[in-house]
Amino acid sequence: MESKLQSPCKYFLRDEVVIHNEEASAWVIVHGTVIDITPLFAATERKTSLQKKVLCLMTILSLRNMLQWLLAFAGQDLSSFFHNKELTPIERTNRNGERVPVFVPCLERNPATQRYWYRDPALVIGRLTFHPCPVKIINTLTFHETEMIICYEDTIGDVREKYLRYNDNAYQYEWRKDLCVGSNAGMLQMDKTLTENGFQVNRRSPIPVIWIFYILPPGVIDTTTNDTNTRSGTYTPVNGSQAEENSDITLPSNEKQSTNATTKTNCAAVEIHECAKN
């Protein structure tokens with residue numbers, strides 16, 4: 001008997017697993033462990049092409065049928081077919097009096113390691129998250145709000161990586177839990193989770209709000225005046241504070257229009273903050 005597999009320190013939402021449901025990319029879940037079974041199908045394709053003259057046709061078809069059965073469950077949770085503690089398949093007695101797995105594809109092995117796919121550490125890619133957490137990210141440059149569902153175990157750096165699908169320039173922002181630009185007190189630690197950064201994360205607490213401030217590249221000065229740049233949401237590390245000199249800047253194309261249009265006072269940001277709390 002083998003104990004539970006030790007999975008890598010990577011966590012997934014169920015929604016991230018369910019989309020891997022085809023032969024080119026197939027994942028399954030067994031008692032919280034996420035397993036990538038894609039290599040089983042790739043190996044079978046090689047076997048059927050190289051050994052088709054040796055293996056009988058019925059054997060090949062039987063193998064393919066069993067894998068197709070497994071493929072039909074790709075992206076799903078197979079925990080109901082396995083005992084929890086020892087990660088062994090639940091068995092039944094067939095008509096010949098033999099003990100066989102209820103889920104027949106449990107007999108499949110990883111050709112590369114000759115281990116059963118559900119006991120092979122080489123196929124384990126992570127675990128399901130303990131708790132899916134909603135989070136709201138507010139871009140102070142565009143006043144655009146993005147709501148995401150992340151893993152409880154995700155660090156702020158992981159959240160930033162996932163935010164790249166909404167903003168290609170996510171790395172060009174300062175990530176904060178407040179509106180005090182330039183202060184180290186409210187700056188989020190990218191290698192820590194939401195709770196480790198002081199957010200309340202539970203079903204009764206409000207959605208955590210992350211404020212991001214665009215940082216000008218080194219040596220680039222904001223073109224806006226003193227009165228405007230305090231409202232633009234841009235921040236330059238040149239002097240450790242928002243720039244007060246006039247010069248040309250180059251901002252991401254999808255944010256130029258919003259930068260020119262940000263003529264509201266800091267009260268607008270405060271109002272958004274109050275709305276986010278509510």
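Predicted model: local features only at pLDDT ≥ 70, side-chain atom pairs only at ≥ 80, totals over all residues.
Let's start with the largest pocket, which has a volume of about 260 Å³. Of the 13 residues lining this pocket, Leu13, Arg14, Asp15, Glu16 and Ile149 are the closest to its centre. Domain 1 (11-128) and domain 2 (132-214) both contribute lining residues, so the pocket lies between them. As for individual elements, α1 (14-18) and β11 (144-151) each bring at least two residues to the lining, and α1 has the largest share, with three.

| Class | Residues in the lining |
|---|---|
| Nonpolar | seven residues |
| Polar | one residue |

Five strands make up an open sheet with mixed pairing, running in the order β1-β9-β4-β3-β2. At its edges sit β1 (11-12) and β2 (21-22), each of which pairs on one side only. For β2, the pairing with β3 (residues 25-30) is antiparallel and spans two bridges. Within that pairing, Asn21 has Ala26 of β3 as its bridge partner.

Last up is Pro101, which sits in strand β6 (residues 99-101). Pro101 has a relative accessible area of 9%, under the 20% cut-off, so it counts as buried. Leaving aside residues up to four places away in sequence, Pro101 touches Pro89, Ile90, Glu91, Arg92, Cys106 and Leu107. Take Ile90 from that list: it is 11 residues from Pro101 along the chain, and the two C-alpha atoms are separated by 5.7 Å.

Key. Residues numbered from 1 in each chain as written. Heavy atoms only, no water. Helix = DSSP H or I, 4+ residues; strand = E, 2+ residues; numbered from the N terminus. Buried < 20%, exposed > 50% of the residue type's maximum accessible area, 1.4 Å probe, protein only. Contact = heavy atoms within 4.5 Å. Pairing = 2+ DSSP bridges. 1 Å grid on protein atoms, 1.4 Å probe; cavity = no way out; pocket = protein on both sides within 12 Å on 5 of 7 lines; lining within 4 Å. Points joined across faces, edges and corners; volume = space filled by probe spheres on them. Nonpolar A, V, L, I, M, F, W, Y, C, P; charged D, E, K, R; others polar. Domains from an automatic or database assignment.
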